[in-house]
Amino acid sequence: MTETADAQQGFDIRAFTRSAVGSHSDALPLDAFAERPLTPDTVRTLAYLRDVERATMHHMRDVLVTPSHKDARLTAFLATWAFEKYWIADAFDRIVGAQADSVHAERGLVGRALHRIDETRDRLAPIGTAIAANLIGEDVIATHVTRGAIDEYWTREVYSALSDAEARPELTELLATFAHVRSRHRVFFEEEALRRLAETDGARRLTRAMLSRRFLPTGMREEPSAETRYVFRSLFPDARSRGRIARIDRRIDALPGMGGLRVMQRAAQRFGAAA
Amino acid sequence: MAFDIDKYTKTSTNVNWSDLDFDEFRTNPLPPDTLRSIRYMADVEYHTVCYLRDMLVTPSHQDADVTGFMTMWNREEFWHGEALSAVLAAHDITLEFDELKSKRLKLGWKDRLDPVKQSVLSNLVGKDFVAVHMIWGAANEWSAVAAYNRMADLEGHPILAELLRRIAKQEARHVAFYATQARERLAKSVVAQKFARFALSSFWGPVGSTIMDEAEVKHVMSHLMGGPDGRKAASAIDAHIAKMPGMEGLTIVNDSLDKRGIAA
């Protein structure tokens, strides 16, 4: 494929695919964490982030059964995106697993299957999704890319809240690395969302409907609600945290037709965080 | 042979061709027939995501080892598409993302209903269906290895041959994954064996035959699998499949060649 054709569309997919960031295992400060263990709270949060990250392929299924899979530019992006997310999950898993007395380690090692996904619902889901999404057509892609952008807004605030809570330079640096890897995901999804939402009424209506229905970032719905509640409460306990949640909502407000939904503030309220 | 998923993911990389002198294609270009086959292969590699989609609607994706593999596999195949597309570009043939998109759009309703069909089928049969996916994947990957090696031999072009060997080497790792999974899962269940045998003998077709025009399928099959040497490669794939639990006597590759009237 030629350079110019893609460059005309903004985000440079080819450059992104070429410079994918793989395994972090050699750069993990496991020795430092062994010497001075992370707090159990942080380990619990990292286990949660790992499990949410591992839902990537599960989520990819829901995207691919829709017209999104027709878009070769989008699928080229997703191949690299899934790869980078795989290695972020792997890094979290190694850190959690190395914390000897961690109750969450087992979930990662033994729980290599996505146990918590409700079997029956999961089996029926792609059928409903495929039929509905294919009747709706291309507009459904807007919901996927908007979700992708919000996932990144959310993760950035989570990383930064976690860095503050643990206050360990090694962890802060690591999360900054992951945030950097993800910044390209954000740029892509945001650019796609801005364009697709601006394009059609249908795209805006569908996406707004998705965000109005007890929306949560990808993978969180499949986690036990006690864990989700824990993450909301521990990372967003005070006025400063309210600012973080509000910042995500302001970014969502800036997307065409998505104003005033208070998506994450409402989620934070549902899960008992200060908001 | 066990498959070490951690080792595989850790060493998964995009196929490299930066050290290969593609200018060689300017002075020593490939013949049109070969370019036509490469074009087919590039298309098929780029469409891996469609197969990924089909696998993800089955219970296969709930196993973290399987999802780890699929993440890497999907990306490696994408890069095979990129590498082959670079060979085409050296011959001034361009393959754009938009073109791939229109091909996927052309697949139309048949394709749209596919995940539904897969979902219904696979969930009726449950875990046994995963075995079908695995033997299916193994058959496809064996075919890919054979096709790339055949083309490298046939063409005898030093740069092309080296690139194709590199791609085939990655495909061989995919074979290892699928074959290991298929063997284990088939061995565990007679129902899975029966279902796999039925699926392969009734529905299997050469890789790419569901997305490419029949004329293109025929071209590639006679180019790479026709004649005594081609048939020998085809029979080797059939022999691999026949060694799987419950698959004795299947000759799906040769059958598909016979059906298309490809010379033996």
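The buried residues of α3(B) are Ser37(B), Ile38(B), Arg39(B), Tyr40(B), Met41(B), Ala42(B), Asp43(B), Val44(B), Glu45(B) and Tyr46(B). Buried here requires 20 or more other C-beta atoms within 10 Å of the residue's own; 12 or fewer make a residue exposed, anything in between partly exposed, and C-beta atoms are placed from the backbone. Helices are DSSP runs of H or I with at least four residues, strands are runs of E with at least two, and both are numbered from the N terminus.

This is a predicted model, in which local features need pLDDT of at least 70 and side-chain atom pairs count only at pLDDT 80 or more, while totals for chains, interfaces and linings use all residues. Residues are numbered from 1 along each chain as its sequence is written, and chains are lettered from A, ligands numbered from 1, in the order in which they are written.

Stay with α3(B) for its length. The helix covers residues 32-46 of chain B. Its 15 residues should span 21 Å at 1.5 Å a residue, and the end C-alpha atoms are 21 Å apart, so the two agree. The expected span is 1.5 Å times one less than the number of residues.

Now chain A. It has 14 helices and zero strands. Of its 275 residues, 47% are buried. Take the contacts in chain A between residues at least 6 apart in sequence: 81% of them join residues at least 24 apart. Two residues are in contact if their C-beta atoms, placed from the backbone, lie within 7 Å.

Look next at a helix pair inside chain A. Helix α4(A) spans residues 40-54 and helix α6(A) spans residues 72-98. Their axes come within 9 Å and cross at roughly 150°. Axes are lines fitted to C-alpha atoms, for helices over the stretch in contact, and angles run from 0 to 180 degrees between N-to-C directions. The two helices are therefore roughly antiparallel. The classes are these: under 35 degrees is roughly parallel, over 145 roughly antiparallel, 65 to 115 roughly perpendicular, and the rest oblique. The crossing of α4(A) and α6(A) is left-handed. That label applies if the near helix is turned anticlockwise from the far one by less than a right angle; clockwise gives right-handed.

On the α4(A) side, the contact is made by Val43(A), Leu46(A), Ala47(A), Leu49(A), Arg50(A), Glu53(A) and Arg54(A). On the α6(A) side, Lys85(A), Ile88(A), Ala89(A), Phe92(A), Asp93(A), Ile95(A) and Val96(A) take part. By class, this contact has nine nonpolar, no polar and five charged residues. Ala, Val, Leu, Ile, Met, Phe, Trp, Tyr, Cys and Pro count as nonpolar, Asp, Glu, Lys and Arg as charged, and the others, Gly among them, as polar. An α-helix has 3.6 residues a turn, so residues three or four places apart point the same way.

Follow α6(A) across to chain B. The axes of α6(A) and α5(B) come within 9 Å and cross at roughly 140°. These two helices are therefore oblique to each other. The crossing is left-handed. From α6(A), Ala76(A), Ala79(A), Thr80(A), Ala82(A), Phe83(A) and Tyr86(A) meet Gly68(B), Thr71(B), Asn74(B), Arg75(B) and Phe78(B) of α5(B). The class count is six nonpolar, four polar and one charged.

Helix α5(B) has a partner in chain B as well. Helix α4(B), residues 48-56, has an axis that comes within 9 Å of the α5(B) axis, crossing at roughly 160°. That makes α4(B) roughly antiparallel to α5(B). This crossing is right-handed. Thr48(B), Val49(B), Leu52(B) and Met55(B) of α4(B) meet Met70(B), Asn74(B), Glu77(B) and Phe78(B) of α5(B). Five nonpolar, two polar and one charged residues form the contact.

Finally, some single residues. Asp92(B) sits in the loop between α5 (64-89) and α6 (97-106) of chain B. Its phi is positive, about 60°, although it is not a glycine. Asp92(B) is exposed because it has 8 C-beta neighbours inside 10 Å. In chain A, Arg214(A) lies in the loop between α11 and α12. Arg214(A) is not a glycine either, yet has a positive phi of about 45°. With 10 other C-beta atoms within 10 Å, Arg214(A) is exposed. The loop between α11 (201-212) and α12 (225-235) of chain A also holds Glu223(A). Glu223(A) counts as partly exposed, with 18 C-beta neighbours inside 10 Å.
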